[in-house]
Amino acid sequence: METIKKISELTKKYSRPVIALGMFDGVHVGHVSVIRHAVEIAKENDGTAMVFTFLNHPLNVLDPQSAPLMICNRSLRREIFAELGIKILIEILFTKEFSKKSPEEFLNLIKEKISPIYVVTGPNYTFGRSGKGNCRMLVRECENYGFKAEICSAVAIDKKMVSSTKIRALIANGNLELANEFLGYEFTYASTVVHGDKRGRKLGFPTANLEIDDGHAMLPNGVYAVRVKTDGMFYGGIANIGDNPTFKLAKRRLEIFIDNFNRDIYGEEIFVSFIKKIREEKIFSSVEELQSQIYEDIRIFKSIFNFNKLGEKFR
C-alpha cells in the first residue's frame, strides 16, 4: 500500500480511482463496510481502491478539549487498510488552513488532484468548513465534479448502532467482549517497547513494557490474555495494565509477558491485542505470592488460547 502524506504529492495519475472518505478513527465494522464497498467497486471497474483521511482528528486542531481518544494508532490503522485491500492511502495532516476550505473547495480538490470515478462514505460523513458538507450534498453535487457517490448504511449489531463513541465508552468501562465485537477485531494497543525496572526478569517472567498514551483509549487496570504481534509473528501472553501496586509504582503502564519468547525488542513497535480479562489488579503480600499468581495467570491464558489461533490477521 502506498501512503501519501501531502496534497502536493498527489501528482501521479491513478487508474480509475475509487475513494473511501472518512476519519476511520477506529476502523470498526461500520468503517470496514465503507472501505470494503470501495474496494469492491474498484475491482468491478478495474480501478484503484483508495482511502482519503486525516493523520490527526480534526478536533485536535479545532477544539482540542473535545478531541476524542484514539482507538487505534496510525500503524495499526494503516495495517488494517492494507489488509482490506486499499492500494493508496491519502493520510494528510489536518490544519487550520485546511479547515477553512468550503465544501465546494474540498470537492474541487478531490476532482483536480485525484479524479475519482466513485466516492464512498458512511451516512454521518461531513466535510468542508464547519462540516457544512454532508452526504446529501455529496450525492446531489457529485456529478458536477465528475464522479458518482455511494453512501453506505450505518451498521448495527444486535440492534445497537456501532460508533467510535460507543466503542470508546465500552473500552473505558471494561466491556471488552462487546468492544471487540463492534470493532470486528480485538482491541489493540500498538506502541514502542521501552526499558522498565527489569523486575519481571528478576521474578522469572521478563516483560515488554509500554507507556500508555494519555490520548489513547485504554481498558481499566487488570490482567488480560493477549495476542502479541512483533516482526510479523504472533505470540500469546498476559498483559498487566496498572501501576504495579505491590511495588508501589506510581505511573500507569502496560507490561506484557510474551510466552515462548526471548528476543530483545527494546525500541521496536509491537501490537498487543486484548482477548479476555483474567483478573483484577491486586496487591500481593510477598514476591512468592505474586510469582504463584503469575503461574496461575499463565495457566488461564493458555486455556483461553486453546480456542484462539495466534496467526490471524487483524481482519
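Where is Lys-87 found? In this model, which is a predicted one, Lys-87 sits in the loop that runs between helix H3 (74-84) and strand E4 (88-92). It is an exposed residue, with a relative accessible area of 53%, and once its neighbours within four places in sequence are left aside, Lys-87 is in contact with Met-1, Glu-2, Thr-48 and Ala-49.

The largest nonpolar core has 61 residues, and the members that touch the most others are Ile-35, Leu-254, Ile-256, Ile-270 and Phe-274. Helix H1, residues 29-44, gives the most to this core, contributing 8 residues. Another core lies apart from it, this one of 30 residues, including Leu-21, Phe-54, Ile-90 and Ala-149. As background, nonpolar side chains in soluble globular proteins tend to be buried together.

Phe-274 deserves a moment of its own. Leaving aside the neighbours within four places in sequence, its contacts include Leu-176, Phe-187, Tyr-189, Leu-219, Val-226, Ile-241 and Leu-254, and among them are also Asn-180 and Glu-186.

Is Thr-188 buried or exposed? Thr-188 is buried, because its relative accessible area is 1%, and the cut-off for buried is under 20%. The side chain of Thr-188 reaches the backbone oxygen of Glu-186 at 2.7 Å, and it also makes a polar contact with the side chain of Ser-273, again at 2.7 Å.

My last stop is helix H5, residues 103-113, whose buried residues are Pro-103, Phe-106, Leu-107, Leu-109 and Ile-110. Why do these residues lie on the same side of H5? They do so because they cover an arc of only 150 degrees around the axis. As for what covers the buried residues of H5, the list includes strand E2 (17-21) and strand E3 (48-54), together with helix H4 (96-99) and helix H6 (135-141). Just after H5, finally, Ser-115 takes a positive phi of about 55 degrees, and with that residue I will stop.

Note on methods:
Residues numbered from 1 in each chain as written. Predicted model: local features only at pLDDT ≥ 70, side-chain atom pairs only at ≥ 80, totals over all residues. Heavy atoms only, no water. Core = buried A, V, L, I, M, F, W, Y, C linked by side-chain atoms within 4.5 Å. Buried < 20%, exposed > 50% of the residue type's maximum accessible area, 1.4 Å probe, protein only. Helix = DSSP H or I, 4+ residues; strand = E, 2+ residues; numbered from the N terminus. Contact = heavy atoms within 4.5 Å. Polar contact = N/O pair within 3.5 Å; in protein donor to acceptor, adjacent residues only side chain to side chain. Arc of directions from axis to C-beta.
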